[in-house]
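Biologist: Could you show me how to read a model like this one, feature by feature, giving the general idea before each case?

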Amino acid sequence: MRLSTDDLYLLGQCAISAAMQAGQLIARRAHNAVVVNSKDGGTSLAARVVTEIDHLSQELILQTLRPICARYDLALLSEESPDDGARLQHDYFWCIDPLDGTLPFIENVPGYSVSIALVSRAGEALIGVVYDPLTHTLYRAIKGQGAWQNQHAFKPAPPAPVLTFITDKSFAHDPLYQATQVELQRIAVELGYAEAKLRLQGGAALNACQALTEAPACYFKFPKPDKGGGSVWDYAATACLFQEAGAPVSDIRGNVLVLNPNGSTFMNHCGVLYCSDQAIADTMIRLYRQLRQG
């Protein structure tokens, strides 16, 4: 089945409704005490924590999307449910992170959101929706129809003198952490900026969005041998947003992100790279090669 422009618009509206309903639920519960449980995930703390709010948000999203799934024969992949492999059998599937950034949510700090994407069996994101419950900011994109931040076009902010690099807190324990800090300062000067700033923060979806809202900026994750590094639901929606905003998104080697891998949903083998412009992306790809060779 091939989805038309009208089909994608309708499905996009459904994703927006689901994300905003879930975001409102999360916002209502943001300052309440939550019970934190653990699950089988990656090696980082952020990948292993889960709360009741993750599950409530997921159920609310699924209640909204299931009727449209039946109409269009769509599969479902959501973080808090087992991967049943249906995404590999259907032409399209919803890729859902009901609470991206569970750790920031638990810590009551910014960085959590709802992330929903529609992905083709070939691994291309056709719809991307990210909703920030704290700021009530909606990021949305549909292939061929542009990207939006609330009612404004989603595009890189006017350049600032400082080049900002964003990644997850777990990077502080990466063997390449110290060498990377030094190289990022060099990169900033090489590209004509006054300095570099490295921030370790938040969930993947809003980290990626900030690479545009706080341009010049870059959100990156290096590959690692152990499972983790985020999963497809962490990156699918923002991949669509960046593509429609005309900003570079790839794995850390510059290859297209494959968002429907056969087997594990983890992305630790390839890493990710979201940048506000191509010059920053090219430099980061070269940097990763140099660090691995060193």
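Biologist: Which residue of strand 12 is the bridge partner of Ile166?

Modeller: Begin with the general idea: helices (H or I, at least four residues) and strands (E, at least two) are DSSP runs, numbered from the N terminus, and two strands pair if DSSP finds at least two bridges between them. In this structure the partner of Ile166 in strand 12 is Tyr219, and three bridges join strand 10 (residues 162–167) to strand 12 (residues 217–221), the two running parallel. Bear in mind that this is a predicted model, in which local features need pLDDT of at least 70 and side-chain atom pairs count only at pLDDT 80 or more, while totals for chains, interfaces and linings use all residues. Residues are numbered from 1 along each chain as its sequence is written, and side-chain values use heavy atoms, with hydrogens and water left out.

Biologist: In what order do the five strands of that open sheet lie?

Modeller: The order is 11-10-12-14-13, with mixed pairing. The edges are formed by strand 11 (195–200) and strand 13 (249–250), each of which pairs on one side only.

Biologist: Which strands does helix 5 touch as it packs on the sheet?

Modeller: Two ideas are needed here: contact means heavy atoms within 4.5 Å, and axes are lines fitted to C-alpha atoms, for helices over the stretch in contact, with angles from 0 to 180 degrees between N-to-C directions. Helix 5 (residues 177–190) touches strand 10, strand 11 and strand 12, and its direction makes about 140 degrees with that of strand 11. Helix 7 (residues 232–245) packs on the sheet as well, touching strand 12, strand 13 and strand 14 (272–275), at about 35 degrees to the direction of strand 14.

Biologist: What is the strand order in the open sheet of seven strands?

Modeller: That sheet has the order 3-4-5-6-7-8-9, and its pairing is mixed. Within it, strand 5 (residues 113–120) and strand 6 (residues 125–132) run antiparallel and are joined by six bridges, and Ala117 has Gly128 as its bridge partner in strand 6. Helix 3 lies across strand 3, strand 4 (92–100) and strand 5, running at about 155 degrees to strand 4.

Biologist: Is Ser57 buried or exposed?

Modeller: In general, a residue is called buried under 20% relative accessible area, exposed over 50%, and partly exposed in between (1.4 Å probe, protein chains only). Ser57, which is found in helix 3 (residues 52–72), counts as buried because its relative accessibility is 0%. Leaving aside residues up to four places away in sequence, Ser57 touches Ala22, Leu25, Ile26, Pro98 and Val114.

Biologist: Which residues have the most contacts inside the largest nonpolar core?

Modeller: A nonpolar core is a set of buried Ala, Val, Leu, Ile, Met, Phe, Trp, Tyr and Cys residues joined through side-chain atoms within 4.5 Å. The largest one here has 41 residues, and those with the most contacts inside it are Cys95, Tyr219, Tyr235, Leu257, Leu259 and Tyr274. Its largest share, ten residues, comes from helix 7. Apart from that core lies another, of 34 residues, including Leu3 and Ile61.

Biologist: How many salt bridges does the count come to?

Modeller: Side chains of opposite charge can pair when their charged atoms come close. The rule asks for a side-chain nitrogen of Lys or Arg within 4 Å of a carboxyl oxygen of Asp or Glu, and by it the count is eleven salt bridges. In one of them, Glu214 and Arg199 have their closest N and O atoms 2.9 Å apart. Glu214 lies in the loop between helix 6 (204–213) and strand 12, whereas Arg199 is in strand 11, so the pair ties together parts that are 15 residues apart in sequence. Arg199 is buried, at 18% relative accessible area, while Glu214 is partly exposed, at 33%. Elsewhere, Glu183, Arg186, Glu190 and Arg286 are linked in a network of salt bridges.

Biologist: Is the peptide bond from Ala215 to Pro216 cis or trans?

Modeller: Most residues other than glycine have a negative phi, and most peptide bonds are trans. The bond from Ala215 to Pro216, however, is cis, with omega near 0 degrees, and Pro216 is found in the loop between helix 6 and strand 12. As for phi, the value for Asn108 is positive, near 60 degrees, and Asn108 sits in the loop between helix 4 (102–107) and strand 5. Asn150, in the loop between strand 8 and strand 9, also has a positive phi, near 55 degrees.
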